[in-house]
Amino acid sequence: MSRRQLARHGAWFGAAVALSVVGGEVISSVVGGTTSAAAAADDTATLRFVQVSDSHLGFTGTANPDVTGSFAHAIDQVNALPYRPDFVMHTGDLTHLSTAAQFDQVKQMLGGVRAGSVHTVPGEHDAIHDHGRGYLSTFGAGSAGDGWYSFDLKGVHVLALVNTLSLEKLGHLGPDQLDFVRRDVAGLSSDTPILVFSHIPLFAMYPEWGWGTDDAAQALSHLRRFSSVTCLNGHVHQLFTKTEGTVTFHSATTTAYPLPRPGVGPAPTPQTLPAGRLRAALGIREVSHVQGQTTLAIKDSVLS
């Protein structure tokens with residue numbers, strides 16, 4: 001992607017964007033209204049889920065003085081969907097300082113989500129003080145290693161990976177998790193749709209800011225035989241889409257505060273929008289999987 005394309009996609013904070021993944025090609029368009037493409041299909045075989053990310057509960061700052069309120073509003077939007085999602089996935093930085101009180105607050109709030117199930121992966125802010133022990137004690141039930149796991153639903157195989165607990169500058173999966181990925185997908189047919197969730201992108205979005213995972217290529221080497229692979233991440237606080245062969249990457253925005261576009265400024269620090277613009281920074285991604293195609297409609301709001 002050119003810098004101009006990066007900037008254009010990064011500017012999608014606050015937009016509503018519908019994406020279709022068809023044969024490895026991502027087709028995107030900005031949409032309006034409150035009903036997404038994901039709500040259009042009414043088929044029991046359709047997999048529908050919602051991605052939220054980077055709630056940063058516990059953050060205090062002018063970029064968003066009420067992260068709890070904006071996260072609660074995002075949950076209200078999930079619960080107001082015209083269907084019940086099969087699951088909701090929070091892709092990390094649930095908390096800002098990984099305290100027990102913040103984890104408890106996130107757990108209670110996620111308990112109010114009306115969905116078939118709720119899943120999480122940790123961000124680096126969820127492991128600030130204790131290498132993720134607090135996160136694992138709250139959200140790690142049924143996971144392996146540092147919190148990775150997988151499950152199957154409606155013919156789709158879902159991988160939830162952890163690339164935030166052993167990072168230096170870039171995200172890092174590590175040999176144990178890479179071996180888990182290899183063994184986990186070994187018995188799957190190549191036409192099985194694969195969804196992969198992580199906090200830090202599994203592609204080199206902007207390594208200068210740590211927006212990438214140093215051993216992602218090894219994980220993806222086990223997935224490239226599949227005809228449809230969709231990787232969804234948080235961390236960068238902005239919408240972005242990239243396709244490499246049959247693998248498509250989608251970065252989610254945030255319910256907390258925006259970050260600058262890649263390379264704009266010296267560091268990815270919280271951005272304070274002009275007075276009156278930011279009432280809520282909502283990052284809700286709705287996804288349907290129908291007959292081998294994954295369709296995404298992203299509803300984000302910055303309310304004046």
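Tutor: Contact here means heavy atoms within 4.5 Å. Keep in mind that the model is predicted.

Take Asp-54. This residue sits in the loop between β3, residues 47-52, and α2. Is Asp-54 buried or exposed? The cut-off for buried is under 20% relative accessible area. Asp-54 has a relative accessible area of 0%, so Asp-54 is buried.

Next, His-125. Its place is in the loop between β5 (118-120) and α4 (133-139). His-125 has a relative accessible area of 19%, so His-125 also counts as buried. Not counting residues up to four places away in sequence, His-125 touches His-56, Asp-93, Thr-95, His-96, Leu-97 and Ser-98. How far apart are Asp-54 and His-125 in sequence and in space? They are 71 residues apart in sequence and 9.3 Å apart in space, C-alpha to C-alpha.

Step back to the chain. There are 304 residues, of which 57% count as buried. The chain holds six helices and 13 strands. Among contacts with a separation of 6 or more, 72% come from residues 24 or more positions apart.

Follow the loop of Asp-54 to its helix end, α2. This helix covers residues 67-79 and packs against α3, residues 100-110. The angle is about 25°, and the axes are 11 Å apart. Angles under 35 degrees count as roughly parallel, so α2 and α3 are roughly parallel to each other. Their crossing is right-handed. On the α2 side, the contact is made by Thr-68, Phe-71, Ala-72 and Ile-75. On the α3 side, Gln-105, Met-109 and Leu-110 take part. By class, the residues of this contact are five nonpolar, two polar and no charged.

Now the sheet. Six strands form an open sheet with mixed pairing, in the order β6-β7-β8-β9-β11-β10. β6 and β10 (240-244) stand at the edges with a single partner strand each, so one side of each has no neighbour in the sheet. On average, neighbouring strands are turned by 15° against each other, direction ignored.

β9 (residues 229-233) pairs with β11 (residues 247-251) in the parallel sense, over five bridges. Cys-231 has Phe-249 of β11 as its bridge partner. By contrast, β6 (residues 149-153) and β7 (residues 156-160) pair in the antiparallel sense, also over five bridges. There, Ser-150 stands opposite Leu-159 in β7. β6 and β7 form a hairpin with two residues between them. In that turn, Lys-154 has a positive phi of about 50°.

α5 (residues 175-185) lies across β6 and β7 and runs at about 170° to β7.

Back to the starting point.

How values were computed
Residues numbered from 1 in each chain as written. Predicted model: local features only at pLDDT ≥ 70, side-chain atom pairs only at ≥ 80, totals over all residues. Heavy atoms only, no water. Pairing = 2+ DSSP bridges. Helix = DSSP H or I, 4+ residues; strand = E, 2+ residues; numbered from the N terminus. Axes fitted to C-alpha atoms, helices over the stretch in contact; angles between N-to-C directions. Parallel < 35°, antiparallel > 145°, perpendicular 65-115°, else oblique. Left-handed = near helix turned anticlockwise from the far one by under 90°. Nonpolar A, V, L, I, M, F, W, Y, C, P; charged D, E, K, R; others polar. Buried < 20%, exposed > 50% of the residue type's maximum accessible area, 1.4 Å probe, protein only.
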